[in-house]
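I opened the notebook to look up how the ligand is held and how the chain is built. The entries follow.

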Amino acid sequence: MSANGDGGSERLPKAHLHLHLEGAARPATLVEYARRRDVPAASLEGFTDLAAFVVAYETARDLIGSLDELQRVAREVAEDALEQGCVWIEVHFAPFSYGGRLGREEALLEAVLAGLAEPQGDATGAAVVLAVNRAHGTDLGRRTLVLAERYAGRGVVGLGLVGDERHPARPYAPLFARAREAGLLAVPHAGETQGPHAVLEALQLLRADRIGHGITATRDPGLLEQLADTQRCLDVCPTSNLRLGVAEDWSAHPIHRLVAAGVAVSLNSDDPTFFGSDVAQEYATAAAHGLPVAAIAAHSLRHSAAPDHVRGPALRALASQTTPAT
Ligand code: ADE
Ligand code: ZN
């Protein structure tokens, strides 16, 4: 395979750093769960913005009706990722969004960790980013952080910030400071629907290690330079952006300008169940648009929380696949 990734770029060894558990559930599994309860299957399309999408997402999440069903969703997410060449995944999960209906949040997290672990081999792995929802306030945020602290180093690798970006990041800054002290990565979403100021806030107030989306940074040349200089990775999700109306099409997507400016980016699917794409397709489409997918895959691995025994072999395999034959 060439370094440009033509031919099988979707199989490159990589880390998938930005996906949400329920947003990556197999549609057939959700349909099966709906039938079991004799409720309508969730609509997986028909939204055009983030607010409508969040409603659809919550409807799908509410179809998961037991810890066993949750564990199966997690196992299938991990299986699908392995199938697509992801040696490592970091899955956003928000146990408090279940409102206690499946039991204590520890039990939910345990079910997800067990499901993610089931299909892993010696040189692959999976972890959870516990997600705080901006719209749900700092009390739930603090409870999410406490759970993350308890599971730091035991399957949880980061603290995320998701949901409607019109809720500012500032109130969540103390939580991210504590997460850092616990050795967790700070991986908030920012700069998806709000402008470059949101990316700057994520960097300055939350001290983000990586940023989910971050694409509006392209509107601020100084910020672009800062991102390139500091090599903070943006976990970009092009198809998600197209489906939620924050980018026009692949050719005009900000990822081209980010890459040209020397910003580290990873490619991700965000919520493949809803957006009709998966991470392998994101890589294939990126390659077709001339993006340096092997370098992007390397960024995804280097900026992940993957342990050395996963990251090292994957980076070596990537290098051997992309070194031009002499
Ligand atoms: N939760 C799931 N997907 C999301 C997205 N793209 N932005 C914000 N919150 C989300
Ligand atoms: Zn996301």
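I counted a polar contact as a pair of N or O atoms within 3.5 Å; within protein, one atom must be able to donate a hydrogen and the other to accept it, and residues adjacent in sequence count only if both atoms are side-chain atoms. The model is predicted, so I noted the limits: local features need pLDDT of at least 70, side-chain atom pairs count only at pLDDT 80 or more, and totals for chains, interfaces and linings use all residues. Residues are numbered from 1 along each chain as its sequence is written, chains are lettered from A and ligands numbered from 1 in the order in which they are written, and side-chain values use heavy atoms, with hydrogens and water left out.

Contacts of ligand 1. I found a backbone N or O atom of Gly163 at 3.0 Å from a nitrogen atom of the ligand. A polar side-chain atom of Glu192 lies 2.8 Å from a ligand nitrogen atom, and a side-chain N or O atom of Asp271 is 2.8 Å from a nitrogen atom of ligand 1.

Surroundings. I listed the residues around ligand 1 (a heavy atom within 4 Å); among them are His20, Phe53, His189 and Asp270.

Whole chain. I counted 14 helices (DSSP H or I, at least four residues) and eight strands (E, at least two). The C-alpha trace spans about 60 × 40 × 40 Å along its principal axes.
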